[in-house]
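Welcome! Open your viewer, get your selection tool ready, and let us walk through this model one stop at a time.

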Amino acid sequence: MSASDVLVLAEIQREALADITHELLTAARSMAAATGGEAVVVALAPDGSRFAPALGAADRIVLVDDPRLAAYAPGPYLAALEAVVAAERPRAVLIGATSIGWDLAPMLAARLDAPLVTGCKEIRVEGGALGVTASFCGGKMMAEARVAQSPAVLMVLPGSFRPATESGKAVVERRTSPVPLEAGPVRFEEFILPEAGDVDITQQDILVAVGRGIQQKDNLELAEELARTLGGAVCASRPVVDQGWLPPTRQVGKSGMTVKPKLYLAFGISGAPEHQEGMKASDLIIAVNTDPRAPIFDVAHYGAQIDALELLPALVEAVQARKG
């Protein structure tokens, strides 16, 4: 254990690791490299060893096995995580800004009398303190925070870091479960899945993004067809969502989702800073806009000054022909 270590809570839902866990490990590795510590991940489950192979990006894996940790409940989880943090005394604890994180992180911070920063999009080590860029008010505002107190509890927004893919040889440690035998006031009864609905654009490798240049809702079908042909999904800038043409879950930008696909195709999007904030880390950005001064070209790797409605059908035809 070291006061320079960074602790990550592995989020486990329905017996599977949530994607946010791998994003947290990326952040933890970067922070630990700067502090001279280790990236430590803690898995709370009936049998955490089954998740260990997928957590190899960590330097150490701490397993707290207990059948009462089979499904999330605030009492058992808080008891187990607080005990690990007390033993490890890390520099920071990283928890995803998910439904579980929003429930657990504030309670943990209160128990530890530790600072809590929500909506974290960037985390830096600045001397002996942590520099955090956080989003709030639905992404409409950004705040810069400097956190000197240790440990700090940081809630990280999904999509802020690229998932860790390393498969190192992390040291696995088992800890005795501190979960009390008596049941708490809140207990898990049943996991109810919502009806099948929209796609998660933060998990797509290919995104076809549309903006005002799409002109009308009926033209969305052109983008949908290209997305289907490429095996991706359609997303949008805020004006399209404000019109009600696509749901808020498809919005990219400060007030929407942060995405990092392998390919981001932007059609008719001017590319205001608010939009760029949510997509500028994409591996490959191709922008199409009739305005040569559109800001989207400042972050695009390739660009074309052409009407998106003319290019979309031609692209679909070309891709289909290439596929044979």
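Which residue in β16 is the bridge partner of Ile286? Select Ile286 and look across to β16: the partner is Tyr302.

Before moving on, two notes on what you see. This is a predicted model, in which local features need pLDDT of at least 70 and side-chain atom pairs count only at pLDDT 80 or more, while totals for chains, interfaces and linings use all residues. Residues are numbered from 1 along each chain as its sequence is written, and side-chain values use heavy atoms, with hydrogens and water left out.

**Stop 1: the sheet**

Select residues 285–288, which form strand β15, and then β16; the two run parallel and are joined by 3 bridges. Strands here are DSSP runs of E with at least two residues, helices are runs of H or I with at least four, and both are numbered from the N terminus. Two strands pair if DSSP finds at least two bridges between them.

Now widen the view to the open sheet of 5 strands, ordered β13-β12-β14-β15-β16 with parallel pairing. At its edges are β13 and β16 (302–304), each pairing on one side only. From one strand to the next, the twist averages 20°.

Next, select strand β12 (residues 206–210), which pairs with β13 in the parallel sense over 4 bridges. Here Val208 stands opposite Val234 in β13.

Stay on β13 (residues 233–236) and show its side chains. Ala233 and Cys235 point one way, Val234 and Ala236 point the other way, and all are buried. Buried means under 20% relative accessible area, exposed means over 50%, and partly exposed is in between (1.4 Å probe, protein chains only). In a regular strand, side chains alternate between the two faces of the sheet.

**Stop 2: helices across the sheet**

Then pick helix α8 (residues 308–323): α8 lies across β14 and β15, at about 140° to β14. These angles run from 0 to 180 degrees between N-to-C directions, with axes fitted to C-alpha atoms, for helices over the stretch in contact.

**Stop 3: a buried histidine**

Go to His275 in helix α6 (residues 273–276). His275 counts as buried because its relative accessibility is 5%. Beyond its neighbours within four places in sequence, His275 is in contact (heavy atoms within 4.5 Å) with Ala236, Ser237, Val252, Gly253, Tyr264, Ile269 and Ile296.

**Stop 4: two packed helices**

Select helix α2 (residues 74–88) and helix α3 (residues 99–112), which pack at an angle of about 50° with their axes 10 Å apart. That makes α2 oblique to α3; angles under 35 degrees count as roughly parallel, over 145 as roughly antiparallel, 65 to 115 as roughly perpendicular and the rest as oblique.

Show the side chains: Pro74, Tyr77, Leu78, Leu81, Glu82 and Val85 in α2 meet Asp103, Leu104, Met107, Leu108, Arg111 and Leu112 in α3.

**Stop 5**

Most residues other than glycine have a negative phi, and most peptide bonds are trans. Select Ser150 and Pro151, which are joined by a cis peptide bond with omega about -5°. Pro151 lies in the loop between β9 (141–147) and β10 (152–156).

Finish at Arg89, in the loop between α2 and β6 (92–96). Arg89 is not a glycine, yet has a positive phi of about 50°. Arg89 is exposed, with a relative accessible area of 56%.
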